[in-house]
Amino acid sequence: MAGKPKLYYFDGRGKMESIRWLLAAAGVEFEEEFLETREQYEKLLQGGSLLFQQVPMVEIDGMKMVQTRAILSYIAAKYNLYGKDLKERALIDMYVGGTDDLMGFILMFPFLSAEDKEKQRAFIVEKATSRYFPAYEKVLKDHGQDFLVGNNFSWADVHLLEAILMVEEKKSDVLSGFPQLQAFKARISSIPSIKKFLQPGSQRKPVPDDKYVETVRRVLRMYHDMKAN
Amino acid sequence: MSGKPRLTYLNGRGRMEPVRWLLAAAGVEFEEIFLETREQYEKLIKDGVLMFQQVPLVEIDGMKMVQTRAILSYIAGKYNLYGKDLKERALIDMYVEGITDLMQMILMFPFSPPEAKEKNIDSIKERATNRYFPVFEKALKQHGQDFLVGNKFSWADVQLIEAILAVEEKIPAVLSGFPQLQAFKKRMSNMPTIKKFLQPGSPRKPPPDECYVETVLKVFKK
């Protein structure tokens, strides 16, 4: 029997958070092993578990999967969150590509100097409100449906909600001017599996803090000198 | 009838090159529109054809597709280069994503300042020989088959041959120490559609030069 998926990452959001969101949205329980020391990471490396020497790594269905996008695509397809045909999949991939780019600007945020953080915050808000949010606002307005693609809940909806909440953490009123997205946020947040994930005690991770940054830098020996976009 | 796919990008490799490779490998003819001026780009944005105001743009099967990965996944799915089931697709995705990380270093290289270029070549060499090439060398050695996944030609093979050639342009002897990859390179290069793509006069673009870098900065200047 396959058992629950097991996630190997730091005890924090990073690149693993989108995977936690998607598994949770699909109603799939999962286990987590948190990297806290360099020794743990080296042990994973030596054991040959990390195909390209990197995390995230997810043990699922007998595979040791790496590469966030590959993991997410597999989960989406397995749990029917990837549209009904090739064209719906193409739309979902496009939409996820956009939210991925947006969340990418936020991913490096905790690693920046205080001065660069202010610059980056402005950059994130500018990109969200002038490039990304208008695109999804238009999609929802044009078809008038509850979900982004094919009138059916999909990975694209989960990813967009995650992105909206992350940008709101940087500027709480960022959705003013986007009525469709406000309604979307309320709708998707009340889907039972997502509502559960948004409650305290779930496996959702908090906004990254200094301790998280310190752990990542120490374990990976990287990201000491990040600059704003 | 929808006609041939139409690619809109600069007249150079950049993020569109993997799309050219994959269409060519699948034996699919395509048209190209080259962005040369800021005005052309601004018109595309004004016309609302770029979902996130970015290229690559590929018009295919009635869709105006953006986001390179989405485009490549669609083409792979449509032309049966994506494995036979979910698990093979997962493996192809993992391989492609890893290779894309390596290609990203090459993508950014022309835009790095002159004083950083030697360091960047060293980084590319280090990553290629210590992180990425060993994975594919091992995969080919272990199953002894001609192709990376499922004993069948797939997107992963196309992405890998593209990457090998791109790295070799920077580091000519990079495959010494990788006999499986040397054989793989030869095999892939001899596949009819790829052989054709590697010949002069194909849509394959040359390595980026100063003129290309200048055009990128001019068209996309903030």
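## Where the chains and domains meet

Between them, chain A and chain B bury about 2,900 Å², with carbon and sulfur atoms accounting for 62% of it. Keep in mind that this is a predicted model. On the chain A side, A:Phe52, A:Met94 and A:Arg131 together supply 22% of the area that chain A buries against chain B, more than any other three residues. In terms of head count, 33 residues of chain A and 32 residues of chain B take part in the contact.

So what about polar pairing across the chains? There are 10 residue pairs in polar contact between chain A and chain B (both at pLDDT 80 or more), but the salt bridge count there is zero.

Which elements of chain A touch chain B? Strand E4 (63–66), H3, helix H4 (86–107) and helix H5 (114–143) of chain A each give two or more residues to that side. H4(A) has the largest share, with 10 residues. Sorted by class, the side of chain A that touches chain B holds 17 nonpolar, seven polar and nine charged residues.

### Inside each chain

Now for the domains. In chain A, the domain assignment gives domain 1 (6–79 + 198–220) and domain 2 (86–190). Chain B is divided into domain 1 (6–79 + 198–220) and domain 2 (86–190). Here are the domain 1 to domain 2 figures for each chain.

| Item | Chain A | Chain B |
|---|---|---|
| C-alpha centres of domain 1 and domain 2 | 22 Å apart in chain A | 22 Å apart in chain B |
| Area buried between domain 1 and domain 2 | about 1,600 Å² in chain A | about 1,500 Å² in chain B |
| Salt bridges between domain 1 and domain 2 | three salt bridges in chain A | three salt bridges in chain B |
| Residue pairs in polar contact (both at pLDDT 80 or more) | four residue pairs in chain A | two residue pairs in chain B |

Carbon and sulfur atoms give 68% of the area buried between the two domains of chain A, and 69% of the area buried between those of chain B. For chain B, B:Arg15, B:Trp21 and B:Arg69 supply 31% of the area that domain 1 buries against domain 2, more than any other three residues.

Let's look at particular pairs. In chain A, A:Glu169 and A:Arg204 form a salt bridge, with their closest N and O atoms 3.9 Å apart.

Over in chain B, the side chains of B:Arg13 and B:Glu169 meet in a salt bridge at 2.8 Å, N to O.

### A salt bridge along one helix

Over all chains, the salt bridge count comes to 39. One further pair is A:Asp116 with A:Lys119, whose closest N and O atoms are 3.9 Å apart. How far apart are A:Asp116 and A:Lys119 along helix H5 of chain A? They are separated by about one helical turn, because they sit three residues apart in that helix.

### What the record says about chain B

The unreviewed UniProt entry annotates residues 3–83 of chain B as "domain: GST N-terminal". That span is 36% helix and 22% strand, and its end C-alpha atoms lie 26 Å apart. The unreviewed entry also has "domain: GST C-terminal", covering residues 85–209 of chain B. Over residues 85–209 the chain is 69% helix and 0% strand, with the end C-alpha atoms 41 Å apart.

Technical notes. Residues are numbered from 1 along each chain as its sequence is written. Chains are lettered from A and ligands numbered from 1 in the order in which they are written. This is a predicted model: local features need pLDDT of at least 70, side-chain atom pairs count only at pLDDT 80 or more; totals for chains, interfaces and linings use all residues. Side-chain values use heavy atoms; hydrogens and water are left out. UniProt positions are given in the numbering used here, feature names are shortened, and annotations may be inferred rather than shown by experiment. Helices (H or I, at least four residues) and strands (E, at least two) are DSSP runs, numbered from the N terminus. Domain bounds come from an automatic or database domain assignment. Buried area is the accessible area (1.4 Å probe) that two parts lose on being put together, summed over both. A salt bridge is a side-chain nitrogen of Lys or Arg within 4 Å of a carboxyl oxygen of Asp or Glu. A polar contact is a pair of N or O atoms within 3.5 Å; within protein, one must be able to donate a hydrogen and the other to accept it, and residues adjacent in sequence count only if both atoms are side-chain atoms. Contact means heavy atoms within 4.5 Å. Ala, Val, Leu, Ile, Met, Phe, Trp, Tyr, Cys and Pro count as nonpolar, Asp, Glu, Lys and Arg as charged, and the others, Gly among them, as polar.
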